[in-house]
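Here are some notes to read beside the model. They take helix packing in turn, then pockets.

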Amino acid sequence: MDYNEVKVNLRKFGFPLSTVNALNQIQTIINGETSRKQHLNEDLAMDLISEFIFCETNEEGKSTKPMSRIRYLELLVMICEYFNKTKIKPDNDNCCGDTALNAIFMTLFPQFGAPPQRTNMLVSLVSLAISTYSNLILQSAGVQMQQLGCSSKYSSQLADGLVKKFFTFISSNSSSLHLLPQNAPLFTANLMTSLSELYFNTKTPDTNMIIKEPPRVVLETVVQWINSDPCLCFTAHYTDLQRALPSGAIPMAATLPFLGLFRWCFFAPLCVKNNNDLELYSELHCALIESVMQGWKVYSEQNPRVSRPYTLSVHSVVPQQLKDLIEETIKLNDPVTMHAVEIVVERLTQSIHAAIISDTIFGNKQDLVNQLESLPENDVLKTLIKRIQV
């Protein structure tokens with residue numbers, strides 16, 4: 001394959017034919033046989049993507065002006081149609097999708113090296129895929145999120161972008177959102193993990209605690225997702241990521257959404273003022289407990305060889321910021337706020353108890369006891385500590 005000849009041939013066509021041909025050429029390059037010149041082929045693929053797909057560079061390799069909004073929309077539809085029509089691997093499934101398409105997706109939207117505007121395109125593409133039930137795109141996005149890490153900058157930007165550009169403009173009753181766990185379970189589970197890291201995740205600049213609550217539509221949607229399928233939160237753990245990745249790629253360990261979503265439930269009584277929202281956090285907590293107790297049990301009975309996952313970690317189940325907030329609340333010595341503290345401690349106790357019963361908590365028993373003993377006294381908590389020490 002001549003490096004320059006490919007570009008010259010593509011430049012003979014105008015948009016959109018040049019983009020269609022470039023996508024087909026990139027597919028050939030990425031899924032071609034490995035050879036000594038493979039790195040040159042990869043460089044060619046990146047050049048084709050930059051010039052003919054996203055129009056970020058010109059023939060001379062210099063940066064170009066942003067494409068028009070009409071061209072932007074046309075490109076979104078083209079990529080979406082390409083994934084919908086292209087079926088490279090015949091035995092694609094509902095979680096991992098098509099291995100070859102996953103490789104193309106990862107090349108189109110890499111973690112490093114792409115201009116910032118590529119992230120905006122990714123958010124727009126995934127939003128369109130959710131609305132149009134384009135499951136192969138969502139499956140590829142889910143694989144990419146897990147491979148890079150659901151708390152990585154890549155995944156966080158995607159999740160945050162979806163909240164700002166999609167969730168806030170759609171009802172939680174939307175059929176596309178309701179059916180997302182069924183159509184793209186891996187993407188849905190990994191999106192929940194990324195979303196869980198965006199909110200009630202404290203930072204302490206200048207010793208001032210900043211706590212960001214999720215928009216109500218996000219909270220409602222997450223609750224609905226988990227209630228619809230108690231096994232959903234475990235999807236990343238039991239998905240065989242190896243067969244979803246290009247040859248030679250090493251699958252990364254799965255991260256489950258439990259710790260982050262439980263954190264929402266722990267912080268909410270102390271931070272949220274809206275009673276309707278507080279009821280939703282209570283429902284979320286119950287759904288998570290049900291998932292910990294039953295979700296893994298259901299799956300493990302069907303797949304006994306799969307290793308047991310961890311829903312909670314001793315080292316992070318009681319974050320220091322939560323302890324500090326509890327102490328500040330106790331100092332107020334107000335009956336209402338003291339009741340909120342009791343709710344927090346009881347939720348902590350219930351979640352840890354559920355993880356112990358299901359044997360999905362990771363860490364040293366004594367470390368766990370030390371953390372629990374630092375919390376305000378509570379009869380339910382005392383009972384749990386005694387059980388742990390037995």
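Which residues of helix 18 meet which residues of helix 19?

1. Lys365, Leu368, Val369, Leu372 and Glu373 of helix 18 meet Leu381, Leu384, Ile385, Ile388 and Gln389 of helix 19. Contact here means heavy atoms within 4.5 Å. Seven residues of this contact are nonpolar, one is polar and two are charged. Ala, Val, Leu, Ile, Met, Phe, Trp, Tyr, Cys and Pro count as nonpolar, Asp, Glu, Lys and Arg as charged, and the others, Gly among them, as polar.

2. A word on the source. This is a predicted model, in which local features need pLDDT of at least 70 and side-chain atom pairs count only at pLDDT 80 or more, while totals for chains, interfaces and linings use all residues. Residues are numbered from 1 along each chain as its sequence is written, and side-chain values use heavy atoms, with hydrogens and water left out.

3. Now the geometry of that first pair. Helix 18 (residues 365-373) and helix 19 (residues 379-389) pack at an angle of about 165°, and their axes are 10 Å apart. Axes are lines fitted to C-alpha atoms, for helices over the stretch in contact, and angles run from 0 to 180 degrees between N-to-C directions. The two helices are therefore roughly antiparallel. Angles under 35 degrees count as roughly parallel, over 145 as roughly antiparallel, 65 to 115 as roughly perpendicular and the rest as oblique. Helices (H or I, at least four residues) are DSSP runs, numbered from the N terminus.

4. Handedness comes next. Helix 18 and helix 19 make a left-handed crossing. The term left-handed applies if the near helix is turned anticlockwise from the far one by less than a right angle, and right-handed if clockwise.

5. Look next at helix 16 and helix 17. Their axes come within 8 Å and cross at roughly 150°. That makes helix 16 roughly antiparallel to helix 17. The crossing is left-handed. Leu322, Ile326, Thr329, Ile330 and Leu332 of helix 16 touch Thr337, Met338, Val341, Val344 and Leu348 of helix 17. This contact has eight nonpolar residues, two polar and no charged.

6. Helix 17 also belongs to a pocket. The second largest pocket holds about 370 Å³ of space. Its lining has 16 residues, with Pro269, Leu270, Val336, Thr337 and Ala340 closest to the centre. Helix 14 (258-271), helix 16 (320-332) and helix 17 (335-357) each give two or more residues. Helix 17 supplies the largest share, six residues. Ten lining residues are nonpolar, three polar and three charged. On a 1 Å grid over the protein atoms alone, a pocket is an open set of points where a 1.4 Å probe fits, with protein on both sides within 12 Å along at least five of seven lines; lining residues have an atom within 4 Å of a point.

7. What is the volume of the largest pocket? The value is about 670 Å³. This pocket is lined by 22 residues, with Ile30, Glu42, Ala103, Thr107 and Pro246 nearest its centre. Helix 5 gives the most, five residues. The lining has twelve nonpolar residues, nine polar and one charged. Grid points are joined across faces, edges and corners, and a volume is the space filled by probe spheres set on the points.

8. One more helix pair. The axes of helix 2 and helix 4 (residues 69-85) come within 11 Å and cross at roughly 40°. That makes helix 2 oblique to helix 4. Their crossing is right-handed.
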